[in-house]
Amino acid sequence: MLVVPKGKDSEVATLSAALKNKETVELNHLTDIQIVLGGANSIAELRRKYDCIFANINRNILLNDIEKYVAALKPDGKLFMSGFYSEDIFLLDKAANELGMQRTSTCESNNWVAAEYRFRV
């Protein structure tokens, strides 16, 4: 699922990027990909469980929406978050830990971070 944020200024550009990502996903023979215009609430409204959720947005929105992401994951699901600075990772770690997840990998480039979280075993 690709969730496209709503917003007057960026909606068209974001939807265009999401469609391009869908083309890439299809080229890699992945299935069951859905584009949704909305935010984390859209994930909750669909009432499905996912293997992976990718959230690439700023720290404050990630912190605000992490509960919705985690609630929508399958028990062995993975949460990938990016779009935040390295000095903010401890805040995301704390929020994830409180929801039973732990960081399993991190990638950093020019102070930007992408992190993978999984449920603690």
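Q: What joins the side chains of Asp93 and Arg103?
A: A polar contact is a pair of N or O atoms within 3.5 Å; within protein, one must be able to donate a hydrogen and the other to accept it, and residues adjacent in sequence count only if both atoms are side-chain atoms. Here, such a contact of 2.5 Å links the side chains of Asp93 and Arg103. A polar contact of 2.7 Å also joins the side chain of Asp93 to that of Tyr117. This is a predicted model, where local features need pLDDT of at least 70, side-chain atom pairs count only at pLDDT 80 or more, and totals for chains, interfaces and linings use all residues. Residues are numbered from 1 along each chain as its sequence is written, and side-chain values use heavy atoms, with hydrogens and water left out.

Q: Is Asp93 buried or exposed?
A: Buried means under 20% relative accessible area, exposed over 50%, and partly exposed in between (1.4 Å probe, protein chains only). Asp93 has a relative accessible area of 15%, so this residue is buried.

Q: In which helix does Asp93 lie?
A: Helices (H or I, at least four residues) and strands (E, at least two) are DSSP runs, numbered from the N terminus. Asp93 belongs to helix H4, residues 89–98.

Q: How many bridges join strand E5 to E6?
A: Two strands pair if DSSP finds at least two bridges between them. Strand E5 (residues 101–109) is joined to E6 by 8 bridges, and the two run antiparallel. In this pairing, Thr106 stands opposite Ala115 in E6. E5 and E6 form a hairpin with 2 residues between them, and Asn110 in the turn has a positive phi of about 50°.
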